[in-house]
Amino acid sequence: MRAEWIERRRGLPNVTQMHFARTGVVTEEMQHVARREGLPAELIRAEVARGRMIIPANVNHPELEPMCIGIAAKCKINANIGNSQIDGDAKSELHKLEYCLKYGADTVMDLSTGGDIPHIRDELLRASTVPLGTVPTYEAIERVKRIESLTPQDLLDIVEEQAKQGVDYMTIHAGILRDFLPLAQHRITGIVSRGGALMAQWMLATGRENPWFTHFDQLCEIFARYDVSFSLGDSLRPGCLADASDQAQFAELRVLGYLTQKAWEHDVQVMIEGPGHVPMDQIEMNMKIEQEACFEAPFYVLGPLTTDVAPGYDHITSAIGAALAGWHGASMLCYVTPAEHLTLPNADDVRQGIIAYKIAAHAADVARRRPGARDRDDALSRARYAFDWNQQFALSLDPEAAKAKHDETLPHDAFKTAEFCAMCGPKFCSMKTHTHLEDKTHPTVVERAPEQLVQESLEFARNAALARTGSVVEPQPVRMGTKPAAA
């Protein structure tokens, strides 16, 4: 799709979507995103120019189908894959990528830390139609025997290598500074970000400031040449509820806001990574503080997990937080799988994580009342009421799972048109009963109801409709036996 678009930009010193947007150009990528989102192309351009939306689209990733991340667009989800030093290879990661594309991940991150990392990444890039992200620190550490031997130039060289391959966005842990390290000492879980912990280790071993921070301008120059987007990493994100919203987290967030402005000076796109474990009552506050501290750059949150007591089910504990975060302004949700905190995710873990987060992102879009967000819900509800089982399956986020669950007890094709499922059977289905009641109800039935009850019902319905639109009307107490007020 993008081969011809990219060819026309070769040789330009800055090829970022933000650079074009700020010069008034609506790129082909912006036009494509506008069609996908059902938004005006000029709105997309304006949001990208402002920095409130990004289109991760490296010029060396022509296989990519452009998408956007920003509060004006639908809430997106990211899926992390990648091997470890213990398990995984290119074949297994491609299988995970296949699941990501099948079940609807909007972006994918390759977090490989072992084996032939460049080969794995190249295989994934050539097969991926969604933006691919990386954490360059991982490969940098894999290449050296001792972390203190790593130089700032080593980091910059690896970034350029990955940019040349076509990586669309990179997590850069530039916000963790030497002065912040003591702030994490009181925590239960300390520093839980892998990239953040590695940079802390490097700073302590060398006695020098974070090289990602000191060489940020050189990073921006590389990113501008290839149109790589920053995902500014939250090195000091909380790793448990007790550590949430502390001084360390917010000190780093302020630095990320400063770096956001530095990147924008180079016309480089930025999104901000957000916290991992946050109680439900603190999520809205976290979203608002990020928007203020980072000048409304898109917020990309990991979860957040709303409780720490459910290893093996953290795709659920985190999807609860993710839905709330998306409702309150997060632009992209990084999925968590059932393997979180326990092991390397396999392909089925990837599937479960994606489905959980597709639910969270969709719930957030409905809550934010995005145009058309609820259309699918309403269509599925109508299919359910009509006992159109095949349409229900088709409209589900995971049609195969929905059909398989139904067919566990009623597998025959004849039951795909039956007016019941195995829960209620043929005699106890409420919707079937109501459907048949509708056929038999005479219009005079309502007229026979007591006048007072009708009046109360109408008042209740009016108030409920007003409440749904944001104007809450408190129902007035009604004394039975009194004459109702005129409608």
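Predicted model: local features only at pLDDT ≥ 70, side-chain atom pairs only at ≥ 80, totals over all residues.
Strand 3 covers residues 76-81, and because six of its six residues are buried, the strand is largely enclosed by the rest of the structure.

In a regular strand the side chains alternate between the two faces of the sheet. For strand 3 both faces are covered, with K76, N78 and N80 buried on one side and I77, A79 and I81 buried on the other.

## The closed barrel and its surroundings

Eight strands close into a barrel with parallel pairing, in the order 3-4-5-6-7-8-9-10. From one strand to the next, the twist averages 25 degrees. Helix 11 (residues 216-226) packs on the sheet, where it touches strand 6 (169-172) and strand 7 (229-232), and the direction of helix 11 makes about 140 degrees with that of strand 7.

Strand 4 (residues 107-110) and strand 5 run parallel and are joined by three bridges, with D110 having T134 of strand 5 as its bridge partner. G133 also lies in strand 5, which spans residues 132-134, and G133 counts as buried because its relative accessibility is 0%. Leaving aside neighbours within four places in sequence, G133 is in contact with V108, M109, D110, V167 and Y169. By contrast, A422 is 289 residues from G133 in sequence and 44 Å from it in space, C-alpha to C-alpha.

## Salt bridges

The count of salt bridges comes to 34. One of them is formed by the side chains of R2 and E29, at 3.1 Å from N to O; R2 lies in the segment before helix 1 (3-7) and E29 in helix 3 (residues 28-37), so that distant parts of the chain, 27 residues apart, are linked. Both R2 and E29 are buried.

The side chains of R9 and E28 also meet in a salt bridge, at 3.0 Å from N to O. Because R9 lies in the loop between helix 1 and helix 2 (17-22) while E28 lies in helix 3, this pair ties together parts that are 19 residues apart in sequence. R9 counts as buried at 7% relative accessibility, whereas E28, at 21%, counts as partly exposed.

A further salt bridge is made by the side chains of E296 and R52, at 3.4 Å from N to O. E296 lies in the loop between helix 13 and strand 9 (299-302), and R52 in the loop between helix 4 (41-50) and strand 1 (53-54), so the pair ties together parts that are 244 residues apart in sequence. E296 is partly exposed, with a relative accessible area of 30%, while R52 counts as buried at 18% relative accessibility. Elsewhere, salt bridges that share partners join R2, R8, R9, E28 and E29 into one network.

## The chain as a whole and its surface

The secondary structure of the protein chain comes to 21 helices and 10 strands, and the C-alpha trace spans about 85 × 50 × 50 Å along its principal axes. Of the 487 residues, 50% count as buried. Among contacts with a separation of 6 or more, 73% are accounted for by residues 24 or more positions apart.

The protein chain exposes about 22,700 Å², of which carbon and sulfur atoms supply 56%. On this surface, M280, Y313, I316 and I320 make a nonpolar patch of about 410 Å², and M280 lies in helix 13 (residues 280-293).

How values were computed
Residues numbered from 1 in each chain as written. Heavy atoms only, no water. Patch = residues over 30% accessible without salt bridge, like charges linked within 9 Å, V, L, I, M, F, W, Y side chains within 5 Å. Areas by Shrake-Rupley, 256 points an atom, 1.4 Å probe, with all protein chains shown as cover. Salt bridge = Lys/Arg side-chain N within 4 Å of Asp/Glu carboxyl O. Helix = DSSP H or I, 4+ residues; strand = E, 2+ residues; numbered from the N terminus. Buried < 20%, exposed > 50% of the residue type's maximum accessible area, 1.4 Å probe, protein only. Contact = heavy atoms within 4.5 Å. Pairing = 2+ DSSP bridges. Axes fitted to C-alpha atoms, helices over the stretch in contact; angles between N-to-C directions.
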